[in-house]
Amino acid sequence: MSASLADLAGVGRDVQIRGLKVTVTGVSARGLASLFKRFPDLVGAVTGAGMNISSLVEMGPEVLAAVIAAGTGSPDDTAAEEVADRLGMSDQLSLIEAILSETFAGDPEGFMKRLENLAGAVGVQTGPAAAD
């Protein structure tokens, strides 16, 4: 049996936060582009050794909240970012772990290699020189 794109709506994983299930879908291409535009330093975290929790935490709470909002289906949603910002760090980390896994299909390095190959195929420079 085959599926259509409509069958994928809302697909993700549920993360328990304060007794509630929060659906994590990962960050879409549109969401990632928006995050890169708002937070240029995030480009280096993603195109370097791959995005990881420590690089997100080091970038600060505003970036962390924006990634959580985007990864739970609310990119560029100020209200969602404010909620994410007020969560305890443990809850934020639980969401970020799931978001990174969903965004990069559990393989950040493989994802980055595929993304760099695609960028090269269309003539987009990647790596440290591109982030400057």
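Trainee: At its relative accessibility, does Ala70 count as buried or exposed, and what is the value?

Mentor: In this predicted model, local features need pLDDT of at least 70, side-chain atom pairs count only at pLDDT 80 or more, and totals for chains, interfaces and linings use all residues. Residues are numbered from 1 along each chain as its sequence is written, and side-chain values use heavy atoms, with hydrogens and water left out. Buried means under 20% relative accessible area, exposed over 50%, and partly exposed in between (1.4 Å probe, protein chains only). Ala70 therefore counts as buried, at 7%.

Trainee: Leaving aside neighbours within four places in sequence, which residues are in contact with Ala70?

Mentor: Contact means heavy atoms within 4.5 Å. Ser28 is 42 residues from Ala70 in sequence, yet the two are 7.9 Å apart in space, C-alpha to C-alpha. Leaving aside neighbours within four places in sequence, the contacts of Ala70 are Gly26, Val27, Leu35 and Pro75.

Trainee: In which helix is the place of Ala70?

Mentor: Helices (H or I, at least four residues) and strands (E, at least two) are DSSP runs, numbered from the N terminus. The protein has eight helices and two strands, in the order β-β-α-α-α-α-α-α-α-α from the N terminus. Ala70 is placed in helix α4.

Trainee: At what angle do α4 and α6 pack?

Mentor: Two packed helices are described by the angle between their axes and the distance between the axes. The axes of α4 (residues 61-71) and α6 (residues 89-103) are 10 Å apart, and the angle is about 55°. That makes α4 oblique to α6, oblique being what remains once angles under 35 degrees (roughly parallel), over 145 (roughly antiparallel) and 65 to 115 (roughly perpendicular) are set aside. The angle asked for is about 55°.

Trainee: Does Arg18 count as buried or exposed?

Mentor: Arg18 lies in the loop between β1 (13-17) and β2 (20-24). Although Arg18 is not a glycine, its phi is positive, about 50°. At 61% relative accessibility, Arg18 counts as exposed.

Trainee: What is the phi of Asp76?

Mentor: Asp76 is found in the loop between α4 and α5 (78-86), and at 46% relative accessibility Asp76 counts as partly exposed. Asp76 is not a glycine, yet its phi is positive, at about 60°.

Notes. Axes are lines fitted to C-alpha atoms, for helices over the stretch in contact, and angles run from 0 to 180 degrees between N-to-C directions.
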